[in-house]
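Try each one before reading its solution.

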Amino acid sequence: ELIVEVDEFETTNPELKGKMTITISLTDSDDGTELRAVHEGLPPGVLPKDNEEGWEISLAKLAKLVEA
């Protein structure tokens with residue numbers, strides 16, 4: 001129901017350094033399961049819009065897999 005992970009890029013680029021915390025919660029809903037992800041500590045070298053686009057692509061792939 002709850003996943004908390006701390007990620008860090010392996011890089012020498014100071015713009016990508018730092019720990020990011022991702023908290024994912026799964027709850028029952030009328031349509032199945034609701035997934036909510038909160039991403040904190042995004043490094044300055046990662047644009048929020050690019051991070052959001054990456055999540056959208058990943059979640060679309062997950063939905064396609066589990067809905068098959």
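**Exercise 1.** Find which residues H39 is in contact with, leaving aside its neighbours within four places in sequence.

*Solution.* Keep in mind that this is a predicted model. Start by placing the residue: H39 sits in strand β3, which covers residues 32–40. Next, take heavy atoms within 4.5 Å as contacts. With the sequence neighbours within four places set aside, H39 touches M20, T21, I22, N51 and W55. A63 makes a handy distance check: its C-alpha atom is 19 Å from that of H39, and the two residues are 24 apart along the chain.

**Exercise 2.** Is H39 buried, partly exposed or exposed?

*Solution.* Buried means under 20% relative accessible area and exposed means over 50%. H39 comes out at 23%, so call it partly exposed.

**Exercise 3.** Work out which residues form the nonpolar patch on the surface, and which element gives the most to it.

*Solution.* First, the members: I3, L26, L35, L59, L62, L65 and V66. Together they have about 590 Å² of accessible area. Then sort by element: α1 is the top contributor, with four residues. Now zoom in on L62, which lies in helix α1. Patch residues need over 30% relative accessible area. L62 has 38%, so it counts as partly exposed.

Notes. Residues numbered from 1 in each chain as written. Predicted model: local features only at pLDDT ≥ 70, side-chain atom pairs only at ≥ 80, totals over all residues. Heavy atoms only, no water. Patch = residues over 30% accessible without salt bridge, like charges linked within 9 Å, V, L, I, M, F, W, Y side chains within 5 Å. Areas by Shrake-Rupley, 256 points an atom, 1.4 Å probe, with all protein chains shown as cover. Salt bridge = Lys/Arg side-chain N within 4 Å of Asp/Glu carboxyl O. Helix = DSSP H or I, 4+ residues; strand = E, 2+ residues; numbered from the N terminus. Buried < 20%, exposed > 50% of the residue type's maximum accessible area, 1.4 Å probe, protein only.
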